Structure formats: C-alpha cells, structure tokens
Amino acid sequence: MKNKHLVFLFFATLIVGILVRQAPWKSASIFQTGLIRIDTAEVTQITLLLPPAAIDDKMADAELTMERNESGWAATQGIRSSVAPGQQVSQMLEALSLVQSVRIVKTSLPDTLGLGITERLRVQVFHETEQIEMFEIGREVMEEGRPATYIRLVDHGGIYLVHGALRSIFLKNLNDFRVTSVIDFDPNAVTAIRVKFPGDSAWMVYNLIKNDTTGFWHSPEIPLTDIPGDSIQMRLQRLSLLNGSPFADNFDESRERETAWAQIALFLNPTDSILLRAFYMKPPDLPDEISMLKAGGLPLYVVHSSRNPYNYFAPADTLLLRRLFLEMIPQPSGKRTNTIQSTSHDH
C-alpha cells in the first residue's frame, strides 16, 4: 500500500509539472520582470538604424551611432558628428533597463504593428565591440490608458507589447542632438574685439578695446576712434541674428584656408574668447546677391563659431551676414561709411 501511494504521488507530481511547464500564462509572466536585461553601466555604444521617414536629409546616412567617450557621449551620422546631451542618452539607457512586457503578440502581419521594413527602428546595444542586445521598435499605442510599444527581439523573432513610449525615446536624428545656436554670449561681458579681413598680401587686422572708465571703445589702428559703448553693444547683439541658420553640411572643411573671408574674435576675459569665422564660396559668373550656389546647392557664405565647433552654418540672408561682419570695422570718429560696401574677396 505504501509503495502504491508513492507511485501515485510520483506520477501526480510529474503530470502537474508538465502542465505548469506548458501553461501559456507561465511563459507570459516571465517577461513581466524585464524583457531586456542589460547593465547600463556597461553600455558603450547605441546604434540606431533609422526608417526612411525618420531621416531629415535624403542624402543622410540611415545609421545613427551614439558612443561613450571620456567627456560623455558623441553622436555620429554619416560624416557629421555632434555632442549627444547626457540627458537624452540617460533617457535611452533608463528605458532599456525598464523594458517590461505587457503580453506576447502572435501575428503574421508585423507591418500592421509598425515592424515592417519601412517603419521599424532597429536598436543595437554594445559593450566595446560585443553586441549585447538587438531589437526592433514598432508602433506606439495606448494600452489600458498607458503608453505601450510593439517591439521584436531579433534573436528569436518574438514580438511583444511593452510598457512605455519607446519609439519616441529612440527615434532620433543627428539634428535632434545638434545645437542650432551659432553664437551665444553676453555682449556686456566683451572687453575687446579683433576683426580680420584678407587684404592684397596679408590679413588686415582691426582691434577695438573697451575703456572701462569712459565706456567708449577705441582702435589702436584707426586714429580718432571714439565709439560709444551702446553702439558696440547693438552690433554685438545683432550677431545673435545668425542663430537658427541652416546647417552647411555640404561644406568641405579642407577648403577653409582658401575660402576664408573674415573673422571676428570676441574677448570676454583673459581666459575666454569666441572666434566667429565666415567663408566665401565665390561662384563662377554668378552675382553676389544670390543666397545659394545653383550648382550643387552649396551655400554662398558659410559661418563657423568656436562656441559650436561641430557644426557649420549657411545663413540664408547673405547681405545681413556681410553687414554683421563689416560693421565691426572701426571708423574714425565723425565719419560714416556704408558697411555693405564689398571688401576684397580675393585671397
């Protein structure tokens, strides 16, 4: 009798174990504890393969890479790079650590979930050169009043609905990281200005120095210079009109020397200065008044600032740009000159 009870108990336990193992609710509940398991401190690179609709520039690369370096994170897309704000990257890392499944999705039509080839966003996570995770992000939906996202784990093809608006967090373009401000500074903090234009044989240099006692500015190179402080302040403030200019991504940086047109150096204190440079892409047989070169869509003028070293800009209003630079040239007191008059473009 005792042996019969043991045999019965053995088979009962075996059957229950099989049923538990096969139960669908069991496999679904596993993913509630975390679908993606990574140590975010170990992540050194996140690569996003963007869907076509997410690429701002049709010529831009579809792959956006964010890489950890000694000073933080840098984002690269094609040949362009930018500092990646730590807050945005931290948001991605936090999202990775909190991916939890709402349910497993069984479907033969992944396109309807935003996981088709033209819509899906592929995310690859690396530690050094080792890929530690790869998944695809689809459409965002509302599930019981909360945001949720369809994702597919590439390794085994499983599709899940997970908590959170993942697509909004990861669908980024390089321009989402790039700062559109050309120059950002306090005009009141400027104590000296140096303007440079190319002359016939050498650069022409003009200095403007602020007299803290009188509030006037003078130039050692120009006799009888006595410029009121409020006049200089207005000129400095107008430099902010360059902010928000389009990026000049087609500019060839190797041509900086041959296309250099003007420089403005602003000295804020003995250890802080800003260098604003303008480059002139003189087109053959085309008037200066046009804003873009007709051949290849290249800008006529390109601007670069040490305040935003990763980017070059192409201001649309070229006459405004020229005025902003030329009006910094000091003039003798009592004389007015037309600052729009062209200076030499020959280098």
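1. A salt bridge is taken here as a side-chain nitrogen of Lys or Arg lying within 4 Å of a carboxyl oxygen of Asp or Glu. By that criterion Arg80, Arg178, Asp249 and Glu253 are linked in a network of salt bridges, and a search of the whole structure finds twelve salt bridges.

2. Some notes on the basis of the values come next. The model is predicted, and local features need pLDDT of at least 70, side-chain atom pairs count only at pLDDT 80 or more, and totals for chains, interfaces and linings use all residues. Residues are numbered from 1 along each chain as its sequence is written, and side-chain values use heavy atoms, with hydrogens and water left out.

3. For the chain as a whole, the secondary structure comes to eight helices and 16 strands, where helices (H or I, at least four residues) and strands (E, at least two) are DSSP runs numbered from the N terminus. Of the 347 residues, 42% count as buried; buried means under 20% relative accessible area, exposed means over 50%, and partly exposed lies in between (1.4 Å probe, protein chains only). The protein chain exposes about 19,500 Å², of which carbon and sulfur atoms supply 54%, with areas taken from the Shrake-Rupley method with a 1.4 Å probe, and for residues only the protein chains shown count as cover. Among contacts (heavy atoms within 4.5 Å) between residues at least 6 apart in sequence, 60% join residues at least 24 apart.

4. Arg80 is buried, at a relative accessible area of 8%, whereas Glu253 counts as partly exposed at 41%.

5. A salt bridge also joins Arg238 to Glu327, with 3.1 Å between the closest N and O atoms. Arg238 lies in helix α6 and Glu327 in the segment after α8 (318–326), so the pair ties together parts that are 89 residues apart in sequence. Here the arginine, Arg238, is partly exposed at 30% relative accessibility, while Glu327 is buried, with a relative accessible area of 5%.

6. Arg255 and Glu258 form a salt bridge in which the closest N and O atoms are 3.2 Å apart. Arg255 is partly exposed, with a relative accessible area of 31%, and Glu258 is partly exposed as well, with 48%.

7. Helix α6 (residues 229–238) deserves a look in the viewer. Its buried residues are Gly229, Ser231, Ile232, Gln233, Arg235 and Leu236, and the buried residues of α6 pack against β10 (192–198), β11 (203–210), β12 (217–218) and β13 (260–269).

8. Lys172, in the loop between α4 (166–170) and α5 (174–177), is buried yet has no salt bridge, and the nearest side chain of opposite charge, Asp176, is 5.4 Å away; Lys and Arg count as positive and Asp and Glu as negative, while His and the chain ends are not counted. Leaving aside neighbours within four places in sequence, Lys172 is in contact with Leu48, Leu50, Leu64, Gln88, Met92 and Phe177.

9. Arg122 is found in strand β6 and is partly exposed, with a relative accessible area of 24%. The C-alpha atoms of Arg122 and Leu49 are separated by 5.1 Å, although these residues are 73 apart along the chain. Not counting residues up to four places away in sequence, Arg122 touches Thr47, Leu48, Leu49, Met134, Phe135, Glu136 and Val154.

10. Asp39, Glu42, Glu67 and Glu128 gather in a patch of negative charge on the surface. Such a patch is made of residues with over 30% relative accessible area and no salt bridge, like charges being joined within 9 Å, and the place of a charge is taken as NZ of Lys, CZ of Arg, CG of Asp or CD of Glu. Glu42 sits in the loop between α2 (24–30) and β1 (45–49) and counts as partly exposed at 35% relative accessibility.

11. Most residues other than glycine have a negative phi. Glu128, in the loop between β6 (121–127) and β7 (130–143), has a positive phi of about 55 degrees although it is not a glycine, and it is exposed, with a relative accessible area of 54%. Glu144, in the loop between β7 and β8 (146–153), likewise has a positive phi of about 55 degrees and counts as exposed at 77% relative accessibility.

Key:
Patch = residues over 30% accessible without salt bridge, like charges linked within 9 Å, V, L, I, M, F, W, Y side chains within 5 Å.
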